[in-house]
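Student: New structure for me today. Can we go through it bit by bit?

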Amino acid sequence: MTRGGGSGSSRGSRDRGAAHWGWAPLAPPREAPARSGTRPPRGSRARLRRVAAAAAAAAMSPGKPGAGGAGTRRTGWRRRRRRRRQEAATTVPGLGRTAGPDSRVPGTFQGARGMKPAAREARLPPRSPGLRWALPLLLLLLLLGQILCAGDPPGPTRDPSVTTVATAESGVTQISSEAASFYKLNGTGTPQVPTNTSEGGEDSGANDSLRTPEQGSNGTDGASQKTPSATGPSPVFDIKAVSISPTNVILTWKSNDLAASEYKCVVKNEMENETTVTVVYRPRCNITGLRPGTSYVFSVTPGTGNETWGDPRVINVVTEPIPVSGLRVALTGVRQATLSWSNGDGTASCRVLLEGIGSYEESTQDFAVNISGLKPGVQYSINPYLLQSNKTEGDPLGTEGVLDASNTERSRAGSPTAPVYNESLLGPADSSSSQQSRDTEVLLVELKPGTRYNATVYSQAANGTEGQPQTIEFRTNAIQVFDVTVVNISATSLTLTWKVSDNEPPSNYTYKIHVAGETDPLNLTVSEARAVISGLRSSTFYRITVCPFLGDTEGTPAFLQVYTPPSAVFDIHVVYVTTTEMRLEWKSPGNASEYVYHLVIESKHGSNHTNTSDNVVTLQGLIPGTLYNITISPEVDHIPGDPSSTTQYTRPSNVSNIDVSTSTTAATLSWQNFDGASPTYSYCLLIEKVGNSSNATQVVTGTGITNATVTELIPGSSYTVEIFTQVGDRIKSLEPGWKSFCTDPASVASFDCEVVPKEPALVLKWACPPGANAGFELEVSSGAWDNATHLESCSSENGTEYRTEVTYLNFSTSYNISITTVSCGKMAAPTQSTCTTGITDPPPPDGSPNITSVSHNSVKVKFSGFEASHGPIKAYAVILTTGEAGHPSADVLKYTYEDFKKGASDTYVTYLIRTEEKGRSQSLSEVLKYEIDVGNESTTLGYYNGKLEPLGSYRACVAGFTNITFHPQNHGLIDGAESYVSFSRYSDAVSLPQDPGVICGAVFGCIFGALVIVTVGGFIFWRKKRKDAKNNEVSFSQIK
C-alpha cells in the first residue's frame, strides 16, 4: 500500500487526493511496468540503490531539501517526470534502482514530510542541482569502458564487471564484483560475504561463472529481471555451448548492438524448478555447480547500463553424464568376454564401441560395432557379429548413423578403416538385477578366438548426450587341443578322447584327425571330442595328429604315438564244469604255434595265474557255485596282445534236509545248502503228482531264499518234489534233492440232518469234499452216550452227494454229530453240527381226569400233563361225553358243542389248551398241571365251551398233542388223522342238579296267583259300594 504525502494529511484526505489527481496507490506507474520474472523485495532494492549511489552523491550539489517533491496534493506531472529522469540518471548499471536519499518504493510518491522522523534524520544531505548535468557524461564514460572490455584483452586481465545476483534460501540478495565489492548488512548488522564469480587461475574472459543458488523459501528464484522496452538493445545471436562437462557449461554468443554493455544469463532446470540469474559484461558465461546428465534452459538477454533490456535468446543444453567407472573385463574365454562397469548419477544408458584389432601377430582393424541402449544395473548377452551379416554394401566406412535405446537418431564417429555396425534396443539377460546394483554387465558372445578387441564405453544422458569415454583392451583365448588319451585300443582299432582349452562345449568345434603308419595314412573329421579309429593293423606303430577348427579358424594341434597290440584269441567256450573243476578251449588267428597264452583266473576269493602254449586248459581246485573270470592274453615275441575273457560259474552243491509243511491245497518246503556261495543261489523246484507226471509244477525261488510255497495242489493227494540248486545263468547242481509228501484232505463243507416221521432215526447228507479221500469218520453223541462209525470214501468229480442213516436213537433228542475226512493217514478238520430226532404220539397217561360239579350247568375238570418223552406237548383238548366210557378215538376231535346240541354226537371237544398260552397253576405241584372250567361259554379257536344241561350226566377225558394239525377247510377244528395225539381214559360220570331258577319260578307263581285273586275280589267290592253311595247324594241342580 502507499504511504501518505505529508505530515498533516489524514487517510481520508490521501484517498481523496488520489482520486482527484488520478493516482494508482496499489500499482506501479504505467510508464514503468514491472519486468516478468522474479525480483527481490522492495525494501532490499531501495537499500541497494542507496548503497550503490553513495559514491556518486558526493560529487553532486545538494538539491532542494526533500528533493523529489513535497509529495503533497499540489505536486504536478511535470515535477514527477523530472524526478523520474533524476532517478534514471543516478541508477547503478544492472540494478535499475535509484540509490539516494530520495529513493522510493516504485509506484508511490513519498516525500520528506511523509517519512518517519528517524528515517528523515538518517537521510543524506540534499544534492545540489547544479551538478546534475555531469551525471550523463559519467554514465557515457562507463559505457565506453564496458565496450572496450568486451573484446579479448592482450593479457590475462581479470574482468572487473561480472556481477551475480541470486537469492539464497533466506531471501537475502548477494552482489559480487571484482571491480568493487558491496556489502549488505543482514538482520544482525553483520556484512554478508560476496559471491565469488570467477575461478582462480583461469582467464577472466572464460571465467564469468555462476554458482547455482538454493531455492528461495517461497519456491521461486529471487533474481531481479526487467522486461525489455521498445528502446532496448538488439537480441544476441549464435549462442553456443563451447564447453560442456558434467557440472559446468561455458556459453558464447554474438551481438551487433554496440549499446549492449551487459548481458543477463538465466539458467533454469524445469524438472527441479530451479532458476539462476547472472549478469556478465562479456559475450561469454561460465555456469558451474550444475548436475550431471540434466537438461537446462539458458537464456541470454542484452542490456544497457540504464536498466534497459532487450529480447532474450534461449538455448537448451544437457550436461554430460559422469563417465563410467570401474571398467573391467570380468571373464574371457575363447569366444566370449564379459565387460562390467559402474554408472554414475545422470547416466540413463551407455554405448559401447567394440573394435576388433586383430591378433598379437597381426594388428588389423577389421570390425567395429556400436552397442547402445545399455541401461544401468542390467545384464546383457550380445552377439556383436550378428549385424555383420545384415550389413548393406556401399555403406560409409567412417560415420555410422546410430539409433540408441530411445530411438533418437544421432551420429557417432566410428573407425576410420572398418565399418561400424550398431546394435540397439537390446534385451537384458537378467532384468531383475537392475533392482540390486547400478553396475552394467555385457556378455559378448561369438567372438573370434585369439583376437584382440578394444572396448570404449560412453555414458549417456536421457537425450543421448554422452560423457567422457573409458577404454579397455582385451584378448580372447586361442583354441588348443590337449590331454589326448587312448581310452580303448585293440589290434585293429582304438578310441581317442581329448580336451579343448575353452569354456564352451567341445561339440562346438570340428576336429581333423590324421593317422600315419606303415601303410597309407588315414584322415577323418569329427564334431565331438571323441573319435573311433578303425581299420588298423595289429602290432603296428602309428602317429596321430588332432587339430581343432572353430569355423575357419585353425587351432593348435596335439600329437600322440601308439602301437597296436597283436590280435586276441576268440571262440572261448567251456567244455564241461563241475563243482570244483572246469575245462576251457579257444581259437587263435595266424600261426598259433608262436603264441603263448597267459591265463588269469579271478573270483571274489582271489586270482590265479597260469601259462600254456595249448589252446585248451583244465582248471582244478575251484570252489562250488563261484563265478570265475578267465582272461586269456596272447603274446608273440614278448609283445602282449589284446586280452579275451569269459566268465563261468562252477556248479553248486545239492540241497539237503528238505522239510515239507502241507495244507489242503498248498505245501511249504524248506531246505539247506552248506556252500559258502549259497546266499547267491536260487533254487528250481519241480513238483509232480504221484501217478500223473505229465502235469508237473515248476517254481523258481529268489536269490538266497531256501523256502518256497507251492499252491493249487489237490487235497488228499500224494506228490514228489525235486529241488535243483541254481547259480548264475541257469547253472544247476548235478543232482537234485528229492522228497514225497501228501496234502491234507479237504473237510466236509457242511451236512444236512433229516428226521424220519414217527421213527427215532436221522438221515445225514453232505457233498463229497474236493480232492481225494479214503473215507469218513462219523461220531454221534448225546450226553454221556457216544458212538463212532467209519464210512466209505466218495469222489467229488461228478458232484456226488453222500447219504447215511443213523438209527436206534431216541425221539425228540438232540445229538452232536461230527464228520471227519480221512486220506493218506491224515484227518481233516471235523465238521460238526447238532441234530434233533423226530417226534411221535405222546404216551397216554395212566390216570383219568378229575371232574366235579360246580353248578347246574357247569363242571370243573382237573388233569395232569402228559409225558413229553416222544416230543414236547403242544396242546391239550378237553372232551365231554354223555355216553358210555369207551376208548376215545381221533375221530371225536371234529365234533363241537353245536354238534352236541343238535344231537349229531354225544361226544364233543369243549375246550382247547395251547401249552404256550395256558400257564400252570402256581399252587399245585408239577403233577397237577391244568384246571379247566367247562360251561363258561368261552371259545378257543373253533370250539365253544357252552353251558351244560341241568340234571345231565357227563364224563371227561383229555387228548394230548405232540403235533397238532387243523383242517384247512374248517378253520379252528383239529385234523385228528394228521395230528400226533393220544387220549386219557374217561373219568367217572357226574350228574348236574336242577336249575334253581325253575324252583323259584314255581314258588313265585303261586304267590302271584293268590295276589291276583285277592285284588280282583277287592275291586268288585269297591265298585259295588260306590254305586250305593251315589244313590244317596243330593244332586247339584237341586242345591242350586
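Tutor: Lys-254 is partly exposed, with a relative accessible area of 45%. Here buried means under 20%, exposed over 50%, and partly exposed in between (1.4 Å probe, protein chains only). Note that this is a predicted model: local features need pLDDT of at least 70, side-chain atom pairs need 80 or more, and totals for chains, interfaces and linings use all residues. Residues are numbered from 1 along each chain as its sequence is written, and side-chain values use heavy atoms, without hydrogens or water.

Student: OK. What does Lys-254 meet in a salt bridge?

Tutor: Asp-238, at 3.5 Å from N to O. Asp-238 sits in strand E4 (residues 237-244) and Lys-254 in strand E5 (residues 249-254), so this pair links distant parts of the chain, 16 residues apart. A salt bridge puts a side-chain nitrogen of Lys or Arg within 4 Å of a carboxyl oxygen of Asp or Glu. Helices (H or I, at least four residues) and strands (E, at least two) are DSSP runs, numbered from the N terminus.

Student: What else does Asp-238 bridge to?

Tutor: Lys-240, with the closest N and O atoms 4.0 Å apart. Asp-238 is partly exposed at 32% relative accessibility. Lys-240 is partly exposed too, at 45%.

Student: How many salt bridges in the whole structure?

Tutor: The search finds 14.

Student: New topic. Which strands form the open sheet with E32?

Tutor: The order is E31-E32-E35, with antiparallel pairing. E31 (570-577) and E35 (616-620) stand at the edges with a single partner strand each, so one side of each has no neighbour in the sheet. Two strands pair if DSSP finds at least two bridges between them.

Student: How many bridges join E31 to E32?

Tutor: Five, and E32 covers residues 581-587. Val-577 stands opposite Met-582 in E32.

Student: In which sense do E15 and E20 pair?

Tutor: Parallel, over four bridges. E20 covers residues 439-444, and Gln-379 stands opposite Glu-441 there. Strand E15 (residues 379-382) has two faces: Tyr-380 and Ile-382 are covered, while Gln-379 and Ser-381 are uncovered.

Student: Where is a positive phi found?

Tutor: At Asp-483, about 55°, although this residue is not a glycine. Most residues other than glycine have a negative phi. Asp-483 lies in strand E23 (residues 481-489) and is partly exposed at 40%. Leu-941 also has a positive phi, near 55°. Leu-941 is in the loop between strand E60 (938-940) and strand E61 (943-945), partly exposed at 45%.

Student: Last one, the big picture. How many helices and strands?

Tutor: Nine helices and 64 strands. One of the helices is H8 (residues 996-1031), which holds Val-1012. Val-1012 is partly exposed at 36%. Of the 1040 residues, 42% are buried. The accessible surface (Shrake-Rupley method, 1.4 Å probe) comes to about 54,400 Å², and carbon and sulfur atoms hold 51% of that.
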